[in-house]
Amino acid sequence: MNDNLKQAYVRLGLTETVTREELNKRFDLLLKRRRTLSTDEEIADYEADFQAYKLILDTWDEQEIQEAEDQRLAKYGRFSGTASKWERFMRLYKTHVILSIVAVLVLIFGGKALYDNYQHRQYLASLPPVDATIMFVGNFGAKDSSGDTAALEQAVIDAYPQWKRVEATIVYLPKTGEGADTLDMNHMQKAVVELAANRPDIVIMDDATIEWIGGQAGFQNLEPITADGKLAADDTRMRWGTNEDTGKRELYGVDIMDSPFISALPIDYNVKSIIIGVLGEDNKDKTIEFVKHIAEEQAAK
């Protein structure tokens with residue numbers, strides 16, 4: 001035992017046979033005493049006691065680790081010292097080897113990632129521009145169990161050949177509560193993030209989602225779809241609301257629940273109505289024309 005350790009025992013008035021349990025209890029009492037200190041002398045005395053306890057506890061921990069190491073190496077008998085040195089050498093050597101392997105793998109996979117990224121950018125560049133982004137928000141799910149939306153996007157194009165490329169996403173927003181008239185809070189938070197981050201051109205929603213969003217707020221006015229008289233403004237499928245900014249009544253959505261368009265999509269749904277609305281401003285002429293086409297198909301059904 002070194003002199004510093006002996007002095008630590010003496011300072012604390014402990015014998016070398018003190019148990020860890022007793023030492024821990026006294027150490028806890030010391031920590032609690034810290035709140036009552038007021039003078040510099042008391043604080044200095046406390047710090048000295050603290051360092052003494054810490055030295056004893058650290059020494060015990062080191063001894064226990066060494067004893068465990070000695071027991072582990074005991075199987076090597078008189079070669080335990082050599083085995084210990086060899087293991088330390090191997091740990092150092094293995095570290096260098098692992099780092100070298102990692103560096104090589106980074107070069108290999110990093111290079112492959114760059115190449116794949118280049119190939120992907122080349123592929124995207126070869127595609128036609130995106131005509132519209134569509135987001136399904138509500139109690140919807142893709143029939144493809146992997147969650148891939150390629151089949152859904154193709155179904156939209158099949159239904160509206162004027163478009164060559166669309167991007168579709170599904171934001172699942174299940175109903176909760178006894179009457180299934182409320183929405184799951186966790187999924188609502190995710191939906192808020194998705195809508196804010198991606199700002200789709202078109203949103204297709206169920207009735208509970210429309211109520212959550214707040215009806216007309218934020219949607220483009222679809223009233224032009226009734227201009228030629230093919231669609232009646234008082235059709236029960238039309239969803240009207242008051243624009244809070246202008247105070248005017250506007251058509252913000254159309255219920256397309258029974259449309260051939262919806263029935264042809266590879267999605268699952270358990271809802272009372274499916275409302276389509278236009279959010280995007282930049283692409284609104286094109287997307288409003290799409291809504292008109294879907295609504296007229298349903299009317300002619």
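## Overall architecture

The protein's secondary structure amounts to nine helices and 10 strands. The model is a predicted one. Of its 301 residues, 34% count as buried. The accessible surface of the protein is about 18,900 Å², and carbon and sulfur atoms supply 53% of that area.

Contacts between residues that are at least 6 apart in sequence give a view of how the chain is joined to itself. Among these contacts, 67% join residues at least 24 apart. The sections below describe individual pairs, clusters and packing arrangements.

## Helices H2 and H3

Helix H2 covers residues 20-33 and helix H3 covers residues 40-73. Phe27 is buried at 16% relative accessibility, and Tyr53 is buried with a relative accessible area of 4%. Both residues belong to one aromatic cluster, which is formed by Phe27, Tyr46, Phe50 and Tyr53.

The side chains of Arg20 and Glu64 meet at 3.2 Å, N to O.

## The loop between H7 and S7

Phe219 is located in the loop between helix H7 (207-213) and strand S7 (238-242), whereas Tyr252 is part of strand S8 (residues 249-255). What kind of aromatic pair do Phe219 and Tyr252 form? The pair is tilted, with 6.2 Å centre to centre and 40° between the planes. Given the positions of the two residues in the loop and in S8, the pair ties together parts that are 33 residues apart in sequence. Phe219 and Tyr252 are both buried. A search of the whole structure finds nine aromatic pairs.

Gln220 is found in the loop between H7 and S7 as well. Gln220 is buried, its relative accessible area being 13%. With neighbours within four places in sequence left aside, the residues in contact with Gln220 are Leu251, Tyr252, Val278, Leu279, Gly280, Glu281 and Lys284. Tyr252 is therefore a partner of Phe219 in an aromatic pair and a contact of Gln220, as the 4.5 Å limit on heavy atoms defines contact.

## Further salt bridges

Side chains of opposite charge can pair when their charged atoms come close. In this model the count comes to 13 salt bridges. One of them joins the side chains of Arg165 and Glu167, at 3.5 Å from N to O. Arg165 counts as buried at 18% relative accessibility, whereas Glu167 is partly exposed with a relative accessible area of 36%.

Another salt bridge is formed by Asp235 and Arg237, whose closest N and O atoms are 3.0 Å apart. Here Asp235 is partly exposed at 23% relative accessibility, and Arg237 is buried at 13%. Elsewhere, salt bridges link Arg11, Arg33, Asp45 and Asp49 in a network.

## Packing around helix H5

Which residues of helix H5 (residues 150-159) are buried? They are Leu152, Glu153, Ala155, Val156, Ile157 and Ala159. The surroundings of these buried residues include both strands and helices: they pack against strands S1 (132-138), S3 (166-172) and S9 (267-269), and against helices H8 (260-264) and H9 (284-300).

## A nonpolar surface patch

Ile101, Val104, Leu105, Ile108 and Phe109 form a nonpolar patch on the surface. Together these residues have about 470 Å² of accessible area. Ile101 has its place in helix H4 (residues 80-126), and Ile101 is partly exposed, with a relative accessible area of 46%. An α-helix has 3.6 residues a turn, so residues three or four places apart point the same way.

Notes. Residues are numbered from 1 along each chain as its sequence is written. This is a predicted model: local features need pLDDT of at least 70, side-chain atom pairs count only at pLDDT 80 or more; totals for chains, interfaces and linings use all residues. Side-chain values use heavy atoms; hydrogens and water are left out. Rings of Phe, Tyr and Trp (its six-membered ring) pair if their centres lie within 6.5 Å; planes under 30 degrees apart count as stacked, over 60 as edge-to-face and the rest as tilted. Helices (H or I, at least four residues) and strands (E, at least two) are DSSP runs, numbered from the N terminus. Buried means under 20% relative accessible area, exposed over 50%, partly exposed in between (1.4 Å probe, protein chains only). A salt bridge is a side-chain nitrogen of Lys or Arg within 4 Å of a carboxyl oxygen of Asp or Glu. Patches are made of residues with over 30% relative accessible area and no salt bridge: like charges are joined within 9 Å, nonpolar side chains (Val, Leu, Ile, Met, Phe, Trp, Tyr) within 5 Å. Accessible areas come from the Shrake-Rupley method with a 1.4 Å probe; for residues, only the protein chains shown count as cover.
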